[in-house]
Amino acid sequence: MKNTTFPKKKPVEFPPPTSSQAEAVFSELQARMAVDFRPYKFPTIRRRVERRMSLLKVGGYDPYLAYLKRHPEEVKRLYHDVLIHVTNFFRDPEIFDVLAGKVFPALTKGRSDSVRVWVPGCCTGEEVYSIAIAFIEHVEKTRQTISIQLFGTDISEPALEKARSGVYPAAIAKDVPKGRLERFFTPAGDGYQIRKFVRDLCVFARQDLTKDPPFSKLDLISCRNVLIYFDQPLQQRILPVFHYALKPGGFLLLGKSEAVTGALFEPIDKRGNLYVRKPGPPRPPFKFDASA
């Protein structure tokens, strides 16, 4: 029998938007979803917009803008498309080796107060719960009684609702070893739920990292693969926020493709992309949104 191969369907290519067309898309998102995506890297936004255009089979930016105005629900769909949520439990295991080997021992030595951790851009909560579990394992191994408070923030309320529930599909078993599944999860329908004693350590809240006030007096910020979606000026605006939020000597954990330059942080582990806060001014050099 003769094999028949079919050519792959090429993705639809659209002419690049004019500045006024791009501005109109941003304006619709900001007006209806209260988030300003202008400081984000535009190629990322453009790919998500054109994906929606292809799905709807519209011929270009002007027809799509007209569609957005007629269909408010499409603005919401575009908004959730822009918020790319790709995460899993114990992502990049070597990072958790660095936490267990360097960060947790430093944070728990000679302390009696709670360790405070912030995970901005937490998506559906896997990173927050992974850090909580790793910390619990550390203090049990070292026979310490120090507690931990974790704050996960995101601008997507549906993602936060899933994080608060702590319910995940059965597929997480490929990332979570059997021993951890039995200790820290309980069966829930066709999947698993984080046990209550872990969920009680974690607070999830909506926050726009680009304008809302941060948490403060933190020991660790884990912000992995969030800055890569921001343009350079916004990255440089947010790093002082992290510096302000951390205690002296606090740790900043970034993604593999992210880096910090300047006088605010000092790299201490290239494998884990881990930084320590340098001494500096106590306040960030800008004002936060007064409505936040």
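**The second largest pocket**

The lining of the second largest pocket consists of Phe 96, Asp 97, Ala 100, Ala 134, Glu 137, His 138, Lys 141, Thr 142 and Arg 180. Helix H5 (93–108) and helix H6 (126–141) are the elements that give two or more residues to this lining. H6 supplies the largest share, four residues. Helices here are DSSP runs of H or I with at least four residues, strands are runs of E with at least two, and both are numbered from the N terminus. The pocket has a volume of about 180 Å³. By class, its lining has three nonpolar, two polar and four charged residues. Ala, Val, Leu, Ile, Met, Phe, Trp, Tyr, Cys and Pro count as nonpolar, Asp, Glu, Lys and Arg as charged, and the others, Gly among them, as polar.

The search runs on a 1 Å grid over the protein atoms alone. A pocket is an open set of points with protein on both sides within 12 Å along at least five of seven lines; a cavity is a set where a 1.4 Å probe fits but cannot get out; lining residues have an atom within 4 Å of a point. Points are joined across faces, edges and corners, and a volume is the space filled by probe spheres set on them.

The model is predicted: local features need pLDDT of at least 70, side-chain atom pairs count only at pLDDT 80 or more, and totals for chains, interfaces and linings use all residues. Residues are numbered from 1 along each chain as its sequence is written, and side-chain values use heavy atoms, with hydrogens and water left out.

**The whole protein**

Step back now. The protein has 10 helices and 10 strands. Its C-alpha trace spans about 65 × 60 × 35 Å along the principal axes. Of its 292 residues, 46% count as buried (under 20% relative accessible area; exposed is over 50%, partly exposed in between; 1.4 Å probe, protein chains only). Among contacts (heavy atoms within 4.5 Å) with a separation of 6 or more, 72% join residues 24 or more positions apart.

**Aromatic rings**

The structure holds 15 aromatic pairs. Rings of Phe, Tyr and Trp (its six-membered ring) pair if their centres lie within 6.5 Å; planes under 30 degrees apart are stacked, over 60 edge-to-face, and the rest tilted. Tyr 129 and Tyr 168 form an edge-to-face pair, 6.4 Å centre to centre with 80 degrees between the planes. Tyr 129 lies in helix H6 and Tyr 168 in strand E3 (residues 167–169), so the pair ties together parts that are 39 residues apart in sequence. Both tyrosines are buried. Ring pairs also link Tyr 129 and Tyr 168 with Phe 89, Phe 185, Tyr 192 and Phe 204 in a cluster.

Is Glu 28 buried or exposed? Glu 28 counts as buried because its relative accessibility is 11%. This residue sits in helix H1 (residues 19–33). Its side chain makes a polar contact with the side chain of Lys 69 at 2.9 Å. Such a contact is a pair of N or O atoms within 3.5 Å; within protein, one must be able to donate a hydrogen and the other to accept it, and residues adjacent in sequence count only if both atoms are side-chain atoms. Leaving out residues up to four places away in sequence, Glu 28 touches Leu 68, Lys 69 and Val 75.

The whole structure has one cavity of 30 Å³ or more. About 40 Å³ of space lies in the largest cavity. Its lining is Ala 22, Val 25, Phe 26, Phe 42, Ile 45, Arg 46, Val 49 and Tyr 61. The largest share, four residues, comes from H2. Seven of the lining residues are nonpolar, none polar and one charged.
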